[in-house]
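Take a walk through this fold with the model open beside you.

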Amino acid sequence: MAATFSKAERLKSRKVIQAMFSRQGESFGQYPLRLVWMPMEERRSEFPVQFGLSVPKRHFKKAVQRNVLRRKIREAYRLNKYRIYRDLPDEEQQYGFMVLYTGREMHDYETIEKAMQQMIRRFIKKVKQGRK
């Protein structure tokens with residue numbers, strides 16, 4: 001599997017994002033990140049997960065800082081998404097992911113990647129428990 005992040009993997013649907021935040025989605029935090037996710041009603045691409053992210057302007061006033069954090073989060077997801085694809089290969093259901101940066105200060109890439117790995121493990125565990 002190629003470790004790319006294509007356009008079809010991006011979560012862009014306003015309807016899905018609104019539904020996630022209007023109490024239909026589930027969430028949990030792994031500092032400095034928070035994952036909000038929900039199963040999507042209709043499949044929008046061939047990928048099992050569509051991914052979006054947000055870094056708050058309230059804590060990071062400069063766009064440069066927000067962009068650096070977005071790049072770090074996107075890269076951590078790109079390199080670790082194979083775990084989702086490996087553990088949910090035959091899944092008919094597609095999920096919407098929204099990752100929020102909740103930290104108030106800039107963290108290094110290693111911290112963000114560890115949090116992303118832990119979030120993916122927890123997500124897979126919750127989905128597998130939900131299926132039983």
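**From one proline to the whole fold**

Pro32 sits in the loop between strand S1 (26-30) and strand S2 (33-39). Helices (H or I, at least four residues) and strands (E, at least two) are DSSP runs, numbered from the N terminus. The peptide bond that joins Tyr31 and Pro32 is cis, with omega about 10°. Most peptide bonds are trans.

A word on the source: this is a predicted model, in which local features need pLDDT of at least 70 and side-chain atom pairs count only at pLDDT 80 or more, while totals for chains, interfaces and linings use all residues. Residues are numbered from 1 along each chain as its sequence is written, and side-chain values use heavy atoms, with hydrogens and water left out.

Now the overall plan. The protein has 4 helices and 4 strands. Along the sequence they follow the pattern α-β-β-β-α-α-β-α. The C-alpha atoms fill a box of roughly 40 × 30 × 25 Å, taken along the principal axes. The radius of gyration is 14 Å, which agrees with the value near 14 Å for a compact globule of 132 residues. That radius is taken over C-alpha atoms, and the globule rule is 2.2 Å times the number of residues to the power 0.38. Contact means heavy atoms within 4.5 Å. Of the contacts with a separation of 6 or more, 81% are between residues 24 or more positions apart.

Next, the inside. Of the 132 residues, 43% count as buried. Buried means under 20% relative accessible area, exposed over 50%, and partly exposed in between (1.4 Å probe, protein chains only). A nonpolar core is a set of buried Ala, Val, Leu, Ile, Met, Phe, Trp, Tyr and Cys residues joined through side-chain atoms within 4.5 Å. The largest such core has 30 residues, and Ile73, Ile84, Met116 and Phe123 touch the most other members. S2, S3, H2, H3, strand S4 (95-101) and H4 each give two or more residues to this core. H4 supplies the largest share, 8 residues. A second, separate core holds 9 residues, including Leu11, Val16, Ala19 and Met98.

Look at Met116. Leaving aside neighbours within four places in sequence, Met116 contacts Leu33, Phe51, Ile73, Ala76, Tyr77 and Val99.

Aromatic rings come next. Rings of Phe, Tyr and Trp (its six-membered ring) pair if their centres lie within 6.5 Å; planes under 30 degrees apart count as stacked, over 60 as edge-to-face and the rest as tilted. The whole structure has 10 aromatic pairs.

Phe47 and Tyr85 make a tilted pair, because their planes stand at 40° with the centres 6.3 Å apart. Phe47 is in the loop between S2 and strand S3 (49-54), and Tyr85 is in helix H3 (residues 82-87), so parts 38 residues apart are tied together. Phe47 is buried at 17% relative accessibility, and Tyr85 is buried at 14%. Elsewhere, Phe5, Trp37, Phe51, Tyr77, Tyr95, Phe97 and Phe123 form one aromatic cluster.

Which charged side chains pair up? A salt bridge is a side-chain nitrogen of Lys or Arg within 4 Å of a carboxyl oxygen of Asp or Glu. The count comes to 3 salt bridges. Lys81 meets Glu9 at 2.8 Å, N to O. This pair links distant parts of the chain, 72 residues apart: Lys81 is in the loop between helix H2 (63-80) and H3, and Glu9 is in the segment before helix H1 (14-24). Lys81 is buried at 1% relative accessibility, and Glu9 is buried with a relative accessible area of 1%.

Glu75 and Arg78 form a salt bridge at 2.7 Å, N to O. Both lie in helix H2, 3 residues apart, about one turn of the helix. Glu75 is partly exposed at 29%, and Arg78 is partly exposed at 22%. Arg86 bridges to Asp87, with the closest N and O atoms 3.4 Å apart. Asp87 is partly exposed, at 25%.
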